[in-house]
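Please examine the sequence and the three-dimensional structure shown below. The paragraphs that follow lead the reader through selected parts of them.

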Amino acid sequence: METRTEISSLGEFGLIQRINKGIRPALPDTVRGIGDDAAVIDLGEELGLLTSDMFLEGIHFDLTFFPLKHLGYKIIAAGVSDIAAMNGIPRQVTVNLALSNRFSVEAVDELYEGMKVACKDFNVDLVGGDTTSSRSGLIISVSAFGKVKKDKIAYRNTAQPNDLLCVTGDLGGAYMGLQLLEREKQVFLANPNMQPELEGKDYVIQRQLRPEARMDVVYELDEAGVIPTSMIDLSDGLASDLLHICAQSGVGAVIFEERLPIDEQTYLAASELNIGAATAALNGGEDYELLFTVSQSAYEQIKNNPKITFIGYITDKKGEVELHTKGDTRVPLTAQGWNA
Ligand code: ADP
Ligand code: MG
């Protein structure tokens, strides 16, 4: 009898590992294949970067509260963010669309309006894609191409013990924004006359609906003469993405709960919804901030950058990632949070 293994028994990362095992890049210019934020291609003088992301209606976005224009912006930002995570400069994007007959020409226009704004903001060209019909709503995928000088690339697997752990912006906002939008949707479904209560919550809503890729920080690090020793963008959440850096670099890390950058609105939304703000910061996805490490000698060059927070350091304890809590205890971090 043929064996059948449930995908859930491997999980997303286990499945990718399994796919990876069966694939050996053979071309001499394939510098790095599966495993980082983008694949790396030798272009001679420079390295090329190539990344791809998919967004499915009902899985990644809910059009009852997600404006199409914002969705267009977000998918481009997501592609650019993976190029930023390699310390690269994005250049071109292609976009694939699958549409059901629920969507009008005007809806597609709106989607592309958002993409155009993002392309302008991040200085990339939309150069192609594919369009097809769908039986289940809207599916979009984006591929982004970027470049980086050979001595400036930042991989996930090159963090060193004693490096400082840095994060850009603030964390948990996109997750709290989503929780608020979902709550308002339920309220609206129960009573369509209810007005949404989103006043004073604009920042977290925006974090969910219109995230930014942190190209600004990539440029500022370059101006400061700092090359991260490793980097990843925060699409899955700090805990999960830090575990990727540590596992792939063969190192451990300690992060401090009191150092986690959390916006006031994230705190307020978390307390309103009875979620720990630190839990949102550690496990909330889609912030699209950068998590990176630098050698201690780089501290002086970036310590005054208000967009960068030092949240901890790298240790030589392979795979051991610990959270130093506000209560002065140390608990191991897992991809789901921490096991107290
Ligand atoms: P990110 O969150 O940065 O987009 P992912 O977690 O989606 O990265 O993917 C991790 C790595 O696995 C990347 O290098 C990606 O290219 C690769 N990957 C993901 N899915 C597949 C797939 N179906 N086939 C081959 N490689 C994949
Ligand atoms: Mg990424």
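**Annotated sites and the sheet**

Asp 130 lies in strand E5; helices (H or I, at least four residues) and strands (E, at least two) are DSSP runs, numbered from the N terminus. The model is predicted, so local features need pLDDT of at least 70 and side-chain atom pairs count only at pLDDT 80 or more, while totals for chains, interfaces and linings use all residues. Residues are numbered from 1 along each chain as its sequence is written, chains are lettered from A and ligands numbered from 1 in the order in which they are written, and side-chain values use heavy atoms, with hydrogens and water left out.

Asp 130 is partly exposed, with a relative accessible area of 47% (buried means under 20%, exposed over 50%, partly exposed in between, with a 1.4 Å probe and protein chains only). Beyond its neighbours within four places in sequence, Asp 130 is in contact (heavy atoms within 4.5 Å) with Val 95, Asn 96 and Leu 97. Gly 129 is also found in strand E5, which covers residues 125-133.

How are strands E4 and E5 joined? Strand E4 (residues 89-99) runs parallel to E5, and 8 bridges join them. Two strands pair if DSSP finds at least two bridges between them. Ala 98 stands opposite Thr 132 in E5. Both strands belong to an open sheet of 6 strands in the order E1-E2-E3-E6-E4-E5, with mixed pairing. Its edge strands, E1 (30-32) and E5, each pair on one side only.

UniProt lists Ser 52, Asp 53 and Asp 130 for the feature "binding site" in an unreviewed entry; its positions are given in the numbering used here, feature names are shortened, and annotations may be inferred rather than shown by experiment. These residues are spread over 79 residues of sequence, yet they cluster in space, with a largest C-alpha distance of 14.3 Å. Ser 52 is in strand E3 (residues 46-56). The side chain of Ser 52 makes a polar contact with that of Ser 143 (3.3 Å); such a contact is a pair of N or O atoms within 3.5 Å, where within protein one must be able to donate a hydrogen and the other to accept it, and residues adjacent in sequence count only if both atoms are side-chain atoms.
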